[in-house]
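I am keeping these notes while going through one structure, residue by residue and then as a whole. The entries are in the order in which I looked things up.

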Amino acid sequence: LPRLSSATVMYALSYVWHGLALTDLDELRMPLGRYFGLAAVAYLIIGLGISMAVRQAVLHQWVSLKRGFLMSSMLVGAIIGAMVYVVVFAFGLSFAGHEMRHIVVDALWQMFEQAIGGLVVSLGMIYIMHRNFMETERAH
């Protein structure tokens with residue numbers, strides 16, 4: 001649930017940014033359907049990565065469930081967003097122009113997008129823990 005939800009939200013945010021706020025999708029060099037399909041796969045992988053990273057951070061107690069869990073999960077997402085942007089930029093897959101301003105704005109957007117993905121993962125984890133708690137309570 002958390003990884004699929006985060007992937008869906010990040011995918012939607014990407015469309016809002018690249019398709020509505022900017023004109024990036026008009027400048028694609030591939031069919032729109034192929035781009036959306038590849039983007040969906042990429043966001044599923046990113047959502048899985050954020051979900052695994054947040055869970056590992058909780059297991060290793062780098063992130064506390066009791067203090068700042070939502071913000072810490074967003075930070076994990078933002079860090080992954082920065083890593084994703086470096087890879088995307090290195091392979092020349094970025095929408096950003098070559099001006100420093102475009103690169104910085106695109107990198108910050110990627111970090112924001114994945115931070116929201118981290119938030120959705122944390123909310124999904126909270127929901128699952130609450131549901132498990134309620135099921136346990138009903139069983140007793």
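This is a predicted model: local features need pLDDT of at least 70, side-chain atom pairs count only at pLDDT 80 or more; totals for chains, interfaces and linings use all residues.

Entry 1, Leu28. I placed Leu28 in the loop between helix 1 (2–21) and helix 2; helices here are DSSP runs of H or I with at least four residues, strands are E runs of at least two, and both are numbered from the N terminus. I noted that Leu28 is partly exposed, with a relative accessible area of 21%. The classes I use are buried for under 20% relative accessible area, exposed for over 50% and partly exposed in between, with a 1.4 Å probe and protein chains only. I then looked up the C-alpha separation of Leu28 and Ala57, which are 29 residues apart along the chain, and found 37 Å.

Residues are numbered from 1 along each chain as its sequence is written, and side-chain values use heavy atoms, with hydrogens and water left out.

I counted four helices and zero strands, in the order α-α-α-α from the N terminus on. The C-alpha trace spans about 60 × 30 × 25 Å along its principal axes. Of the 140 residues, 34% count as buried. I took contact to mean heavy atoms within 4.5 Å; among contacts with a separation of 6 or more, 72% are between residues 24 or more positions apart.

I found Ile50 in helix 2. Its relative accessibility is 0%, so Ile50 counts as buried. Leaving aside neighbours within four places in sequence, Ile50 is in contact with Met10, Gly77, Ile80, Gln114, Gly117, Gly118 and Val121. The C-alpha atoms of Ile50 and Phe89, 39 residues apart along the chain, are separated by 19 Å.

Gln61 counts as exposed because its relative accessibility is 70%. The side chain of Ser64 reaches the backbone nitrogen of Lys66 at 3.0 Å. A polar atom of that Ser64 side chain also lies 3.3 Å from the backbone nitrogen of Arg67.

Which element holds Glu113? I found Glu113 in helix 4 (residues 100–139). Glu113 is buried yet has no salt bridge, and the nearest side chain of opposite charge, Arg3, is 18 Å away. A salt bridge would be a side-chain nitrogen of Lys or Arg within 4 Å of a carboxyl oxygen of Asp or Glu; Lys and Arg count as positive, Asp and Glu as negative, and His and the chain ends are not counted. I did find a polar contact of 2.7 Å between the side chains of Glu113 and Trp109. A polar contact is a pair of N or O atoms within 3.5 Å; within protein, one must be able to donate a hydrogen and the other to accept it, and residues adjacent in sequence count only if both atoms are side-chain atoms. Apart from neighbours within four places in sequence, Glu113 is in contact with Met10, Leu13, Ser14 and Tyr43.
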